[in-house]
Amino acid sequence: MEKYVNFARKLTNMGKEILFPDYIFESSWEVCNKVGGIYTVLSTRAKTLQDKMKDRTIFIGPDCWGEKTCPYFVEDKSLFADWKKAAKKDGLSVKVGRWNIPRKPIAVLVDFYPFFQKKNEIYTWLWENYQVDSLHAYGDYDEASMFSYAAALVVESMYRFVVGAKKSLKVVYQGNEWMTGLGVLYINKMVPEIGTIFTTHATSIGRSIAGNNKPLYDYLFAYNGDQMAGELNMQSKHSIEKQTAHYVDCFTTVSDITANECKELLDKPVDFVLPNGFDNSFVPKGATFTKKRKAARERLLAVANALLGTDLGDDTLIISTSGRYEFRNKGVDVYIEAMNRLLRDKDLKKNVVAFIEVPGWVGEPRPDLVERLKSGKKYDTPLEVPEITHWLHNMTHDNVLGMLKYLDMHNRKDDKVKLIFLPCYLTGDDGVINMPYYDLVLGNDLCIYPSYYEPWGYTPLEAVAFKVPCITTDLAGFGLWANSVKGSYSEIEDGVKVIHRTDYNYSEVADVIKDTVAKYSNFSDEEVKKARAAAEKLSKLALWSNFIRYYEQAYDMALRKAEERKKY
C-alpha cells in the first residue's frame, strides 16, 4: 500500500463544515456473501465510496467458504501482508483481497468459528457492559454474534497496526443490521477513538410482527418492543439491536417508515435516514440494451411456451414479481390474487405471462421442460403441473403452489393470464432460464412489488433503472420516496404506481393491481415509451452520487462524538 497520509477532508453543507473520515470500516454478513438486499446496498454504494476514498474503505465479511472459492471475492496476498502476519499472531484468521464488484474495493473475510469456544465469555462481557440479553439465543444468533465479534477484532487490529500511528486520522466503523451489533458495541467500548454508526435495514421485531400475520402499522404506537420480543421469542435479537441503537454514536435506518418503527419498537429515534441508492453503471446502453431486452423476452417466452404448450408472441405482456420468499411481507399473496382477478377482467387487451421469481426449496430443473427447450420444437400440449419451472422438495406444502391450487389457477389454454413460478436464484446457471437476474429483468413490461413490509425496496428501484415501470406500495420506503418526488401519489404514467396499503385493505390492493395492469395493456406505443422514460428518469434521482450526502452527515456526527471522547 502507498504511504499513509492524512486524507481528512472538510466538506461544506449548507454553510456548515462537516468532517469526513480518512478510513471507513464497514461490516455486514452480506459482504462478499450474496444472500439478500443488503448485498445490493453495500455493493452498489461501494463504487461511490471507492471513488472518494481510494482504497480507504475496507469492507469486512464472514469467511463462510473455507477452502472453497468465493465467487464474489478475489484474494490478494500482497494487500496488508504485514498486518496479516500480526493478526495471525493475535488469533485472527483472515483473507484479504478485493470484492468482485465495480471498482473492486478492499474486503477482509474473517474466520469467526474459532470464537465459539469463548462464546459464553463474550456474552458475559456484553451483558456486563451493555445489558444485552443473550440467554434466549437460538438459530443464527450465535453465528452472527461470533462473526460480529471477529469483525470488530479486525477493525481494532487494523486500526492499531495500520491507522493508529497517525493519531490525526479520522476513522468510522459502520455495522449493518443486528448481526453486527455486538462488534459495534465492542468498538464503541474498546476503541473510543473510532466513530461508530449502526444501520438497521429493518427491525428484527417489526419484521417478526409482520411475518407472524399480526397487524403492524395501525397498532405500532401501542406495541411495546420488549413485550413483543418475549411473545415472539425474539428477545436476544431484539436486545442486541435495541442496545446498539441506544449506545452507538450515530443510529440510522433506510426510510421514514422504518424510522417510525425504530422510535416505537426500539425506543430510540434514528439520527439520520440513509435512503438506499443505486449504481446504474452496469445498465446496458443503446443498442446493447435493445439486444439484451430482446434476448430476455425471447427466453422468457420460450420457457413459457415450452411449459404451457402455447405459442405466445412478443406482443404478450410480460410481468413479474421477485425478492425473498416472504409470502405475505413481500406481497406474493396479493400478487397472485390480483392475477386471478385479472383473468376475468374485460379491459385486459393482451395475453399476460406473470412470473413469480422468488427462491423456494428448489430440488432440480424439470427434466421434461429442459428437454422441450433443448429440442427447439413447438408444442401444443402443456406439461404436467404447468405452473412451475423447477421441482421443489416441498411441492405439497409450498405457499405459492398451495394458493394457485386453492384459486384453481392451472394455466388453462384459454386463460389470458398465465402464472409461472420460477423458484430459484437467477444467477445464470439455474438449468432453465440460464440468465442472471439483471439480464432478465429488462425483458419485463411491468414489475409488481405489492409489499406489506418493505423498509426500502431495491426490486422496484432496480426495475425502473432498467426502464421497466413498476407497481409498489406506500408501505415500502421506495414507494414513499417516489411519492415525495412527485409531491402526490405516483401513477404508472410516472414510471411507478404507488398503491396505498394498510393492515386491512388486501382486497383493494389486489383490485388496484388488476386495474393498473389492464390499463397498461391498453397503452399505445407512445404511452408505453413515455412511462418507460419516466421510470428511467426517476431511477437517476436515486443514484448513489445523489444519496451519498446523507452518509456524509452520519460520518460527521460519529466523528464529532469520537473527537469529544479524545478530550477525556
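Mentor: Helices (H or I, at least four residues) and strands (E, at least two) are DSSP runs, numbered from the N terminus. This is a predicted model, in which local features need pLDDT of at least 70, side-chain atom pairs count only at pLDDT 80 or more, and totals for chains, interfaces and linings use all residues. Residues are numbered from 1 along each chain as its sequence is written, and side-chain values use heavy atoms, with hydrogens and water left out. The protein holds 19 helices and 19 strands.

Trainee: What percentage of the 568 residues count as buried?

Mentor: Buried means under 20% relative accessible area, exposed over 50%, and partly exposed in between (1.4 Å probe, protein chains only). Here 59% of the 568 residues are buried.

Trainee: Where is R103 found, and which phi does it have?

Mentor: R103 lies in the loop between β6 (94–99) and β7 (106–110). Its phi is positive, about 75°, although R103 is not a glycine. R103 is partly exposed, with a relative accessible area of 46%.

Trainee: Where is the place of N213?

Mentor: N213 sits in the loop between α6 (204–211) and α7 (225–231). N213, a residue other than glycine, has a positive phi near 60°, and at 55% relative accessibility N213 counts as exposed.

Trainee: What pLDDT does the protein average?

Mentor: pLDDT is the predictor's confidence in each residue, from 0 to 100. The protein averages 94, and 96% of the residues score at least 70. Over residues 1–14, the pLDDT is below 50. Where pLDDT is low, the predicted coordinates should not be read in detail.

Methods: Contact means heavy atoms within 4.5 Å.
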